[in-house]
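Here is a structure to read term by term. Each question asks what lies behind a label.

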Number of protein chains: 2
Amino acid sequence: MTFREDGALAVDWVASYLERVRELPVLAQVEPGAVRAALPRSPPDEPEPFGAVLRDLDEVLLPGLSHSQSPRWFAYFGITSSEPGVLAELLIAGLNQLGILWRTSPVLQELEELTLDWLAQLLGLPEGLHGHIEDTASTSTLVSLAAARSIRPDARTVLCSEHAHSSVDKAAKLLELDLRKVPADNEFRLRPELLELDGACAVVATIGTTSTTSVDPVPAIADRCAAAGVWLHVDAAYAGTAALCPELRHHFAGWERADSIVVNPHKWLGVPIDCSTLWTRRPDVYRDAFSLVPEYLRVGEEVASLSEYTQVLGRRFRALKLWAVLRCYGRTGLQGRIREHVRLAALFEGWVRADAEWEVVAPRPFSVVCFRLRRLDEENERLLERVNASGDIFVSHTRLRGRYVLRLAIGNFGTTEEDVRFAWEVLRREASRS
Amino acid sequence: MTFREDGALAVDWVASYLERVRELPVLAQVEPGAVRAALPRSPPDEPEPFGAVLRDLDEVLLPGLSHSQSPRWFAYFGITSSEPGVLAELLIAGLNQLGILWRTSPVLQELEELTLDWLAQLLGLPEGLHGHIEDTASTSTLVSLAAARSIRPDARTVLCSEHAHSSVDKAAKLLELDLRKVPADNEFRLRPELLELDGACAVVATIGTTSTTSVDPVPAIADRCAAAGVWLHVDAAYAGTAALCPELRHHFAGWERADSIVVNPHKWLGVPIDCSTLWTRRPDVYRDAFSLVPEYLRVGEEVASLSEYTQVLGRRFRALKLWAVLRCYGRTGLQGRIREHVRLAALFEGWVRADAEWEVVAPRPFSVVCFRLRRLDEENERLLERVNASGDIFVSHTRLRGRYVLRLAIGNFGTTEEDVRFAWEVLRREASRS
């Protein structure tokens, strides 16, 4: 194998893929088991060339991919693995830094600390927060609730809105904490007057919930948490990136008072999966909860390793891709993309509102529109199935006040006004067929 | 930014790096804070070209890297980000598959299931195990102990050898389980007759402990676990890959009886960090412990998503790099590398044994040699510091029966007999200077 030649083939493959991804069926149109059935049941005894991997990627795997890189992916949240992010992953793998101690990669640790400071500046977070990177928000929330539990061992309740992400449920289950879901108001925001903090160790407030991107009233929640001495964790996994734009920053009022904040640059910031950034103003609580240095890792360093602030020992050099994205887009480049997505979502929202057949069913603070046909739930559900089966676009759903609701989420860096207009045409086309 | 041109630069950078990595100081020779101090304190407002990232990698970051890719890295465990693995990471990032449901990437899920079956076949594991990929063994062990806890909620004790990895301690702490460390015998193996399984929910047996790569007596441990109805988790994170070679498979006797088994292909199998493979014969226990599907992810699929078997919702397309490595090396290629590493370790062990100044202090079942100068602990410690400060090689340490011990770990695919001979020369050179 010649790395330069195979590398050229791989770069060309990715470049061609990104050039044609808009034309591919967004949601894979295969039956369960079909991909696997098309591949050998056993590994080869003898080496194969890398070109054989690329060939199978084209000939066997491609139909079984759903394309988050498509500008016509509007499901869940729109994401982008941007070009500097993709190439940084190549560098990360080439360097294969082993992040277990500062000394095993000073650059990994110091660039992680630096980029978390950079991103905190961009988002308007206070100075002096301690930041590190986790794989996903599931882990960021888990370790934060574990930190909260560690300082109030007799308080075993976590509170969050009924619209909080399922990762809060999973974290509470693993940590054997009771989870109390607090009802939301008419705009899907946690009602702070219903927070009962006796016996609570933490509250999770969400800025940008998964279903509607609603914003919990963080200032009021922070007041209550402060009065009761309860840990406040802010989940801004999707929406946090929007704090890059001063005109959107009012949604983030009060988050600087949180004990911990999670934002996922792999959602709206152009960083490839995985990259979840976690800040805290109480790093010592994490370190007390997680630090455990066995003899074979004791080297008398004055520097605490980032692994002492979390559950897993080894970390990838994810900071390099975050650094590459922040540099290659710059503040203005990233702001431009966020603003365009919000503009496109507002445009789509306007089209829906202007059509008597449809309705918008939730406020739209960011780039996700919740809407539905003014028909039965079953018709909306079948509409979604037809739309996604067409392969033209990919849209997902939720349920609000018992009703089946469609979500159009804009977040891919390649999405244009034409793509959004196309999505609206596809939705109306399929609606007219029922 | 032009992806093809920048991609060519990035491939060339990695190729050049891998060509010269043997000549670089293996352990970074920088002071804490030096890397960070050399970089701007704030992110740029305007976009920079990707070439600026590469330039800083050369001019600012390079001295702060420790080089796990160096054939002269002998610390902790030797690892390799092999060429197919590196290029697969480029593809993974380019595709950016979102692994949250089967439908969001049928290929991600089915290739993960397939490659886990392939690897199970290569390692001689039984048919029919359920496998998935985690980031690190820390997580594989955590979710396995959580599964064990879920079916015996009143049994709150985990047992393992005093030589088990610190990730067992961290998992027990997070899960609020009591951890009982069982004494080891003269060859650093758990003494099964000391296992007290009353109130136990799990035993962790290690094949290839971190300090000495000792092998716990899994058959006897499995007997006891079976009799008591206690979950057996086998940690073969490092050594598991050696089961590829029939002549080494006797070390793995009994592991097929485990409830869960973890092997890290990012350690000895040439896969870039991160890739930890986890098999279980009791997938329903994981699913009961972890599955939690909120409305916005409910799509009536018949296929359970892999996220239902673990803590985090989103997963990267790690299967692609494992698949690329298994194909581009093949069974014989991988066996050849394992065998060569074991041969080189045996050679080094022989040199140490033949020199009256030195002693071997633990059996060497795989590719790690534990040894020391026949002098005071302090002299061995200073020797290690001088060796690593030279930048010529990187070696780590442990403590056995209270004594300071050096470890030479062979595992990088580029390591040759000349490199190992060089390591021995450096060690003797520095020893003669004290």
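What follows takes the labels one at a time and sets values against definitions.

Q: What makes up the ground rules here?
A: This is a predicted model, in which local features need pLDDT of at least 70, side-chain atom pairs count only at pLDDT 80 or more, and totals for chains, interfaces and linings use all residues. Residues are numbered from 1 along each chain as its sequence is written, while chains are lettered from A and ligands numbered from 1 in the order in which they are written.

Q: Why are strand 2 and strand 4 of chain A said to stand at the edges of the sheet?
A: Two strands pair if DSSP finds at least two bridges between them. Helices (H or I, at least four residues) and strands (E, at least two) are DSSP runs, numbered from the N terminus. In chain A, seven strands form an open sheet with mixed pairing, in the order 2-8-7-6-5-3-4. Strand 2 (130–134) and strand 4 (178–182) of chain A each have a single partner strand, so one side of each lacks a neighbour in the sheet. The twist averages 20° from one strand to the next.

Q: How do you know that strand 6 and strand 7 of chain A pair?
A: Pairing takes at least two bridges. Three bridges join strand 6 (residues 231–235) to strand 7 (residues 260–263) of chain A, and these strands run parallel. H233(A) has S260(A) as its bridge partner in strand 7 of chain A.

Q: What makes strand 1 and strand 9 the edge strands in chain B?
A: Five strands of chain B form an open sheet in the order 1-11-12-10-9, again with mixed pairing. Strand 1 (73–74) and strand 9 (358–360) of chain B each pair on one side only. Elsewhere in chain B, five bridges join strand 11 (residues 394–400) to strand 12 (residues 403–409), which run antiparallel. There, H397(B) has L406(B) in strand 12 of chain B as its bridge partner.

Q: What does helix 5 of chain A lie across, and at what angle does it run to strand 2?
A: Axes are lines fitted to C-alpha atoms, for helices over the stretch in contact, and angles run from 0 to 180 degrees between N-to-C directions. Helix 5 (residues 106–123) of chain A lies across strand 2, strand 7 and strand 8 (276–280) of chain A, at about 105° to strand 2.

Q: How do you know that chain A is in contact with chain B?
A: Two residues are in contact if their C-beta atoms, placed from the backbone, lie within 7 Å. By that test, 108 residues of chain A are in contact with 109 residues of chain B. Helix 1 (residues 3–20) of chain A gives the most to the side of chain A that touches chain B, with 13 residues. That side has 56 nonpolar, 29 polar and 23 charged residues. Ala, Val, Leu, Ile, Met, Phe, Trp, Tyr, Cys and Pro count as nonpolar, Asp, Glu, Lys and Arg as charged, and the others, Gly among them, as polar.

Q: Why are the two copies said to be related as by a two-fold rotation axis?
A: Copies are superposed by least squares on the C-alpha atoms of residues with pLDDT of at least 70 in both. A rotation of 180° with 0.0 Å of shift along its axis superposes chain A on chain B, with RMSD 0.0 Å. The copies are thus related as by a two-fold rotation axis. The same surface serves both copies, as 100% of the contact residues of chain A recur in chain B. In chain A, L90(A) comes closest to the rotation axis, at 2.5 Å (C-alpha).

Q: Why is helix 1 of chain A called roughly parallel to helix 4 of chain B?
A: Angles under 35 degrees count as roughly parallel, over 145 as roughly antiparallel, 65 to 115 as roughly perpendicular and the rest as oblique. The axes of helix 1 of chain A and helix 4 (residues 83–95) of chain B cross at roughly 10° and come within 10 Å. That makes the two helices roughly parallel. The residues that meet include W13(A) and Y17(A) in helix 1 of chain A, and L87(B) and L90(B) in helix 4 of chain B. This contact has nine nonpolar, two polar and two charged residues.
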